Amino acid sequence: IKVDPLQIRLTRSGEVSIADQLMASDAAMEAELDRYKQLTDATNNKPLVIISADDNAQQQRFIDLMNALARVGITTVTLSGFKE
């Protein structure tokens with residue numbers, strides 16, 4: 001079973017969406033990241049996250065997201081920027 005990369009979007013206002021689902025809280029975000037990590041582990045896939053962050057997004061929200069990824073053990077991350 002091949003697991004697709006996880007798409008994460010960080011908006012200028014600091015909203016985080018994972019696979020087009022808006023995360024209501026940091027706890028929800030971390031739970032979703034952990035679920036993805038468990039899925040990739042169970043299927044012998046390497047977790048890959050693609051973050052699209054608004055060029056004007058707050059640095060602290062980006063750091064919060066990166067810390068959440070680190071806590072669940074996801075280390076392969078690709079970044080791209082965009083403007084809202």
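In this predicted model, V49 touches L6, I8, Y36, L69, I74, T76, V77 and T78, leaving aside residues up to four places away in sequence. V49 belongs to the largest nonpolar core, which has 19 residues, and is among the members that touch the most others, together with I8, I18, M29 and L33. The elements that give two or more residues to this core are β1, β2, α1, β4 and α2. Of these, α2 gives the most, with four residues. In soluble globular proteins, nonpolar side chains tend to be buried together.

**The sheet**

The strands form an open sheet of five, in the order β3-β2-β1-β4-β5, with mixed pairing. β3 (21-22) and β5 (77-82) stand at the edges with a single partner strand each, so one side of each has no neighbour in the sheet. Strands of a sheet pair through backbone hydrogen bonds, either parallel or antiparallel.

| Strand pair | Bridges | Direction |
|---|---|---|
| β1 and β4 (residues 49-54) | five bridges | parallel |
| β1 and β2 (residues 16-18) | three bridges | antiparallel |
| β2 and β3 | two bridges | antiparallel |

Strand β1 spans residues 6-10; its covered face holds L6, I8 and L10, and its uncovered face holds Q7 and R9. L10 has A53 opposite it in β4, and its bridge partner in β2 is V16. Further along the sheet, S17 stands opposite L22 in β3. β1 and β2 make a hairpin with five residues between them. In its turn, G14 has a positive phi of about 95 degrees.

**Helix α1**

Helix α1 (residues 26-42) lies across β1, β2 and β4 and runs at about 25 degrees to β2. How far apart should the ends of α1 be at 1.5 Å a residue? Its 17 residues should span 24 Å, and the end C-alpha atoms are 24 Å apart, which agrees.

Which residues of α1 are buried? They are M29, L33, Y36, K37 and T40. Seen down the axis of α1, the buried residues fall within an arc of 100 degrees, so they line one face of the helix. An α-helix has 3.6 residues a turn, so residues three or four places apart point the same way. The cover over the buried residues of α1 includes β1, β2, β4 and α2. On the face turned away from the buried side, α1 carries the exposed residues A27 and A42. After α1 comes N44, with a positive phi near 60 degrees.

**Helix α2 and R61**

Helix α2 lies across β1, β2, β4 and β5, and runs at about 170 degrees to β4. R61 is placed in this helix, which covers residues 59-72. Is R61 buried or exposed? R61 counts as buried because its relative accessibility is 17%, and buried means under 20%. Leaving aside residues up to four places away in sequence, R61 touches L10, G14, V16 and D26. Two of these contacts, L10 and V16, are bridge partners of each other, and G14 is the residue in the hairpin turn with positive phi.

Notes:
Residues numbered from 1 in each chain as written. Predicted model: local features only at pLDDT ≥ 70, side-chain atom pairs only at ≥ 80, totals over all residues. Heavy atoms only, no water. Buried < 20%, exposed > 50% of the residue type's maximum accessible area, 1.4 Å probe, protein only. Pairing = 2+ DSSP bridges. Contact = heavy atoms within 4.5 Å. Axes fitted to C-alpha atoms, helices over the stretch in contact; angles between N-to-C directions. Expected span 1.5 Å × (residues − 1). Arc of directions from axis to C-beta. Core = buried A, V, L, I, M, F, W, Y, C linked by side-chain atoms within 4.5 Å.
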